[in-house]
Amino acid sequence: MQRLISEKIRKGKDRHRAEVSKQTGFPSAATHYYEPPIDLNNELVYNQDSTFFVRVEGSNWSKFNIWDKDVLIIDRSMELKPDCMALIVKDGEFDIVQFSGESTQPEFLLWGVVTYVIHAVI
């Protein structure tokens with residue numbers, strides 16, 4: 001039996017700001033090269049209040065190119081459209097399906113629409 005595991009996302013640690021050194025008071029010579037870090041919430045999340053991250057356990061969904069320990073980004077506010085992947089609850093268990101748009105699909109409870117799949121490459 002394959003399972004989906006949801007984990008609480010930990011906040012990132014505060015980063016040292018390069019503008020002014022707190023120990024010496026002298027600014028770094030590279031201060032003007034400082035760029036803010038990439039925030040994946042800004043890049044990959046459409047609606048932060050209704051978005052969940054789910055870690056996949058097992059390779060049951062390899063037909064969707066979803067592998068063990070991948071992270072799914074799921075938006076519960078999005079409307080399910082044809083050819084979209086969705087996390088559903090069917091017979092009391094989570095499953096991932098690609099919605100065909102036809103009414104011949106068996107009944108299920110839509111939990112959310114999969115917006116991104118994050119794969120590890122190492």
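Visitor: How many helices and strands are there in the chain?
Guide: This is a predicted model, and its elements, read along the sequence, follow the pattern β-α-β-β-β-β-β. Counted by type, the chain holds 1 helix and 6 strands.

Visitor: Which elements give two or more residues to the largest nonpolar core?
Guide: The largest nonpolar core has 12 residues in all, including Val54, Trp61, Phe64, Leu72, Met85 and Trp111. The elements that supply two or more of its residues are strand 2 (51-57), strand 3 (71-75), strand 4 (85-90) and strand 6 (109-118).

Visitor: How many residues are in the other core that lies apart from it?
Guide: Among the members of this other core are Leu80, Ile88, Val97 and Val113.

Visitor: What percentage of the residues in the chain is buried?
Guide: A residue is taken as buried when its relative accessible area is under 20%. The chain has 122 residues, and the buried share of them is 25%.

Visitor: What share of the accessible surface belongs to carbon and sulfur atoms?
Guide: The accessible surface of the chain comes to about 9,600 Å². Of that area, the part belonging to carbon and sulfur atoms is 51%.

Visitor: Which residues is Thr115 in contact with, leaving aside its neighbours within four places in sequence?
Guide: Thr115 is found in strand 6, and its C-alpha lies 9.9 Å from that of Arg76, a residue 39 positions away in sequence. With neighbours within four places in sequence left aside, the residues in contact with Thr115 are Leu44, Tyr46, Ile73, Ile74, Asp75 and Met78.

Note on methods
Residues are numbered from 1 along each chain as its sequence is written. This is a predicted model: local features need pLDDT of at least 70, side-chain atom pairs count only at pLDDT 80 or more; totals for chains, interfaces and linings use all residues. Side-chain values use heavy atoms; hydrogens and water are left out. A nonpolar core is a set of buried Ala, Val, Leu, Ile, Met, Phe, Trp, Tyr and Cys residues joined through side-chain atoms within 4.5 Å. Buried means under 20% relative accessible area, exposed over 50%, partly exposed in between (1.4 Å probe, protein chains only). Helices (H or I, at least four residues) and strands (E, at least two) are DSSP runs, numbered from the N terminus. Accessible areas come from the Shrake-Rupley method with a 1.4 Å probe; for residues, only the protein chains shown count as cover. Contact means heavy atoms within 4.5 Å.
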